[in-house]
Amino acid sequence: MKQINRSSGPVSQAAERAAGSRTFERFARVGYVASGIVHIVIGLIALQINAGGSGNADTSGAVAAVAEQPAGYALVWFCFLGCYALALFQLTRIFFAGQQLKDKELWKDRASNAGQVLVYGAIGTVFASFALGRGSNNGSSSSVSWTARLLAVPAGQWILGLTGLVVVGIGGYFIFKGATRRFRRNLTGVPGGLWAKAVDITGVAGFIAKGVSLGILGVLLTLAAVQADPEESTGLDGALHTLRDQPFGVVALAAVGVGLMLYGLYMGIIRARFAKL
């Protein structure tokens with residue numbers, strides 16, 4: 001297999017050193033902590049909605065709730081920098097890690113890293129907007145707005161429908177990953193005993209709950225495309241409200257809310273500590 005030229009220039013050498021830096025790796029793990037905080041707060045908001053309260057159960061609503069707490073501004077900055085550090089760390093690994101893998105595994109590893117770059121870059125951007133005083137606790141309206149803009153462009157309806165199907169597929173994969181405990185493959189050095197039990201409880205329940213919420217979100221996106229109605233696309237907050245309005249929805253939303261909180265614990269504690277990086 002062709003190897004990367006490790007003397008291609010000072011920028012490449014600096015990026016390679018960053019990819020192998022233990023200090024950089026430790027700070028990048030803060031990105032998992034930030035994701036955990038977001039999911040715990042979303043789960044709490046979901047339970048609040050389930051009890052008849054109000055709240056915006058998506059990333060912007062969760063970050064807004066964090067920002068409103070004592071020392072919340074400092075925490076928002078900390079999470080913003082941590083998410084970007086993790087996204088940058090994964091970006092360096094696309095080019096400077098896994099060279100010992102075979103071609104198929106190498107490209108699979110790169111695709112996984114690229115996905116994390118997008119995910120944590122997006123979460124970091126939400127934290128950044130609040131850190132810089134530009135955040136808005138109005139995720140559902142934003143989702144409707146960008147959906148309307150997408151539907152207005154040529155082939156936008158097809159793109160939105162395909163996006164919805166992809167999100168449904170991702171949700172299904174999360175459920176599969178939780179049910180089969182494949183999330184264990186992302187971890188290393190987990191002790192036995194209580195730690196192992198905590199991994200299974202938070203991982204299984206958390207991934208399944210995350211998958212259910214993503215699946216509903218994907219269905220809403222697909223419906224918005226089929227009906228050419230941006231009002232059908234209301235983001236994760238709308239997906240959870242839709243779940244509540246179904247038969248036995250109160251029980252289902254309660255389970256998903258608790259599951260999202262467990263997913264947050266998995267991300268913020270277990271993956272932050274034991275993730276393979």
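According to its unreviewed UniProt entry, residues 30-51, 71-96, 117-135, 155-176, 207-228 and 248-269 carry the annotation "transmembrane region". The structure you see is a predicted model.

**Two annotated spans**
- For residues 248-269, the end C-alpha atoms are 32 Å apart, with 95% helix and 0% strand in the span.

**Helices α3 and α4**
- Helix α3 takes in residues 30-50 and helix α4 residues 59-67; they pack at an angle of about 95°, and their axes are 9 Å apart.
- Angles of 65 to 115 degrees count as roughly perpendicular, so α3 and α4 are roughly perpendicular to each other.
- On the α3 side, the contact involves Ile37, Val38, Val41, Ile42 and Ile45, which meet Thr59, Gly61, Ala62, Val63, Ala65 and Val66 of α4.
- Sorted by class, this contact of α3 with α4 has nine nonpolar residues, two polar ones and no charged ones.

**Helices α10 and α11**
- Helix α10 (residues 235-244) packs against helix α11 (residues 249-274) at about 140°, with 7 Å between their axes.
- Because of that angle, α10 is oblique to α11.
- Leu240, Leu243 and Arg244 are the α10 residues in the contact, while α11 brings Gly249, Val250, Ala252, Leu253 and Val256.
- This contact of α10 with α11 is made up of six nonpolar residues, one polar and one charged.

Technical notes
Residues are numbered from 1 along each chain as its sequence is written. This is a predicted model: local features need pLDDT of at least 70, side-chain atom pairs count only at pLDDT 80 or more; totals for chains, interfaces and linings use all residues. Side-chain values use heavy atoms; hydrogens and water are left out. Axes are lines fitted to C-alpha atoms, for helices over the stretch in contact, and angles run from 0 to 180 degrees between N-to-C directions. Helices (H or I, at least four residues) and strands (E, at least two) are DSSP runs, numbered from the N terminus. Angles under 35 degrees count as roughly parallel, over 145 as roughly antiparallel, 65 to 115 as roughly perpendicular and the rest as oblique. Contact means heavy atoms within 4.5 Å. Ala, Val, Leu, Ile, Met, Phe, Trp, Tyr, Cys and Pro count as nonpolar, Asp, Glu, Lys and Arg as charged, and the others, Gly among them, as polar. UniProt positions are given in the numbering used here, feature names are shortened, and annotations may be inferred rather than shown by experiment.
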